[in-house]
Amino acid sequence: MGFVVRLLVNALALYLLTRVYSGVSFAPGADAVSVLIAAAVMGIVNALVRPVLLLLSLPVNVLTLGLFTLVVNGIVLWLVAAATALNVAGFGAAVVGALILTVIAWVLDAILGALGLDGVHE
């Protein structure tokens with residue numbers, strides 16, 4: 001059940017990102033299934049590729065006091081766009097989109113936590 005909730009939150013966050021930021025959009029004719037597929041691919045890339053990128057960029061990340069993580073998140077969003085119906089205007093748009101996506105997902109997680117729907121049992 002937690003996986004389904006996380007997938008739906010990520011899908012909603014991606015959809016909201018495309019509504020508030022013009023640098024990231026879905027291809028014309030994309031439907032809810034395309035959004036869910038993009039969210040699933042994002043989950044896979046976050047689980048498999050992002051840790052490797054963070055490890056490889058560790059020296060730069062230390063020098064920038066963690067700000068290089070924004071670039072890594074932009075790369076992740078760019079990779080998801082390359083594999084799905086998600087369109088990103090460029091690398092700069094991917095970095096800004098990843099930052100906005102992080103904020104949107106954080107707000108959605110906070111709302112679900114306040115409603116008790118986050119799947120965390122006390």
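The entries below follow that order.

This is a predicted model, so I took local features only at pLDDT of at least 70 and side-chain atom pairs only at pLDDT 80 or more, while totals for chains, interfaces and linings use all residues. Residues are numbered from 1 along each chain as its sequence is written, and side-chain values use heavy atoms, with hydrogens and water left out.

Helix pair. I looked up helix α2 (residues 32–48) and helix α5 (residues 68–83), whose axes come within 9 Å and cross at roughly 135°. Helices are DSSP runs of H or I, at least four residues, and strands are runs of E, at least two, numbered from the N terminus. Axes are lines fitted to C-alpha atoms, for helices over the stretch in contact, with angles from 0 to 180 degrees between N-to-C directions. I noted the contact residues (heavy atoms within 4.5 Å): α2 gives Ala-38, Val-41, Met-42, Val-45 and Asn-46, and α5 gives Val-76, Leu-77, Leu-79, Val-80 and Ala-83.

Core. The largest nonpolar core has 28 residues, and Leu-14, Val-24 and Leu-101 are among those with the most contacts inside it. Such a core is a set of buried Ala, Val, Leu, Ile, Met, Phe, Trp, Tyr and Cys residues joined through side-chain atoms within 4.5 Å. I found its largest share, 8 residues, in α6.

Single residues. Beyond its neighbours within four places in sequence, Val-24 contacts residues including Leu-17, Leu-77 and Gly-97. Asn-73 lies in helix α5. I read Asn-73 as buried at 18% relative accessible area (buried is under 20%, exposed over 50%, partly exposed in between, with a 1.4 Å probe and protein chains only). Leaving aside neighbours within four places, Asn-73 touches Arg-50, Ala-98 and Thr-102.
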